[in-house]
Amino acid sequence: MAIVQALSPAPDGRRRLGLASPATREAVGEITVSTPDEVTAAIARARAAQPAWAARPVKERAAVVARALDVLLARKDEICATVRGETGKPQAEALAVEIVPSCDFINHWSGRAARDLADERVGLHGYMKPLKKLYLQYQPLGVVGVITPWNGPFVLSLNPVVQALLAGNAVVLKPSEVAPHSGGWAAKVLWEAGVPSDVLQLVHGDGETGAALVDGDVDKISFTGSVGTGKKIAAACAGRLVPCSLELGGKDAMIVCADADLERAANGAVFLSMFNSGQVCVGTERIYVVDSVADEFIALVKEKAAAVTYGADGEVGPLFWERQLDIVSRHVADARAKGATIVVGGSPDTEKGLFFQPTVVTDVTHDMDLMSEETFGPVAAIMRVADEHEAVRLANDSRYGLSGSVFSRDPKKVMRIARQLKTGSVVHNDASVIYGAAEAPFGGRKDSGLGQVNGRDALRGYTHPLPILIDRWGQEKENIWYPAGDKTVKTLESTITFVFGNRLVRRFMR
Ligand code: NAD
């Protein structure tokens, strides 16, 4: 059975999709696809329910969302069972990738909401300062559509939904059709915590359902997924001037400097390329190692990768659906055909499920898909470089720019290299963990996305920051209001000369 396959339609004519485990190919459930009309109706219900949710004080909304942490802890085993059934992830990965960051995000954002969303007095500068006072109100946008992928189906649904709800929005969530019930748990824990069912709606389906949500009466789209879909969504949102955040694919580079702790770098290279079966947007996809330490590094990576187990009970689980297995197989075959050396693994193993052997490839070049396109498989692709300058040049030679890592004993050097990298974020002696650092603005450059999520302004990203300028003096009129005569011009001329014509005054007016 295919991992996702069309079943005979429901009695009312709606499409149904059957789901199978990628680890065993056994059936694990099905979904009835929400029709475009159902999506429209869900948005309308969300819109009707949103004002009452927004009217509740932030602290009250935060208390409701915070309760979802208790629900999540109580339901942890069921959530893991669903995630593992739909994706085949090993238990350690279900816990590390889905549960731990989800607990942390609920706890962190609900704890920060009252402070981040409170009205703010902002000091004005220059000649405005004596005349006006500025306040900011963070108003919810209305209804936010959240569309999510299959690789982190629970956490990548939960995080944006929690943020949008805390900011006072209603949400319509459409998880991936590859792992729909895993994504659905994000709604379930929040409903059980007390978020009204009309304020958070769940629709199921594939691209057609996602497109209906994007084309619906929403005020923002939060999208996480592939570059191709992201570009379609960007175009649709642009046509209606609806804001969107696009968290897209990556081809993250790891740079191994000559002074790196090679033991740590090799452990990192293997794990960061292979965890979640390599299906991590900020996973390591390309490794550049400086020539002087390359032999030792490659030998260590080879030894460590050869010891990694895979399979239904292994350390590396399956690819989550056939499309992904095809991409990984094609990239490795292309590299092999173009002269790369397969040092470890290199083959699919589909006897029981959609497995691909933990793989190490060397002698790679940038004309191989393995080094230019997102592979999303348990593959460490290693390229020797003359020095760190060449590593930086090659790391930047990509249409993607999501994240990247530098392995070195010298944090100052890492700061210097990071300044030259055209990517979304840089991590020292580690990688993917950046998404879990809630304070770090997260988002890609180039084809890897548009806008940033998380970070200091995360919750505010789901609001319209409304500036309100308050008059200080209540005079009969401002100097430039009508009647505008010679006196107005003189006043303006002398203001310009006084404020901007004098270097000392300029400094106080900044
Ligand atoms: P995808 O683009 O195929 O699907 C993502 C979601 O969009 C799914 O829910 C899908 O049903 C929906 N969709 C498909 N076509 C649509 C359309 N025309 N309009 C609206 N919605 C539509 O991506 P995927 O294969 O599920 O996810 C894997 C990709 O996601 C990888 O490229 C990965 O790098 C990326 N990703 C990025 C991040 C990040 O934070 N940058 C995180 C995780 C995954």
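Trainee: Which helix holds Arg-506?

Mentor: Arg-506 sits in helix α15 (residues 503-508). Helices are DSSP runs of H or I, at least four residues, and strands are runs of E, at least two; both are numbered from the N terminus. This is a predicted model: local features need pLDDT of at least 70, side-chain atom pairs count only at pLDDT 80 or more, and totals for chains, interfaces and linings use all residues. Residues are numbered from 1 along each chain as its sequence is written, and side-chain values use heavy atoms, without hydrogens and water.

Trainee: Why is Arg-506 called partly exposed?

Mentor: Buried means under 20% relative accessible area, exposed over 50%, and partly exposed in between (1.4 Å probe, protein chains only). Arg-506 has 33%, so it counts as partly exposed.

Trainee: Which residue of helix α9 (residues 291-306) can we test next?

Mentor: Take Val-293. Its relative accessibility is 12%, so it counts as buried.

Trainee: What does Val-293 touch?

Mentor: Cys-257, Ala-258 and Leu-262, leaving out residues up to four places away in sequence. Contact means heavy atoms within 4.5 Å.

Trainee: How far apart in space are Val-293 and Ile-327?

Mentor: They are 31 Å apart, C-alpha to C-alpha, and 34 residues apart in sequence.

Trainee: Which residues are buried in helix α6 (residues 207-215)?

Mentor: Thr-209, Gly-210, Ala-212, Leu-213 and Val-214. The buried residues of α6 pack against α1 (36-55), β6 (143-147), β7 (170-174), β9 (220-224) and α7 (227-240).

Trainee: Why is Tyr-127 called partly exposed?

Mentor: Tyr-127 has 46% relative accessibility, so it counts as partly exposed. Tyr-127 lies in the loop between β4 (120-122) and β5 (132-140).
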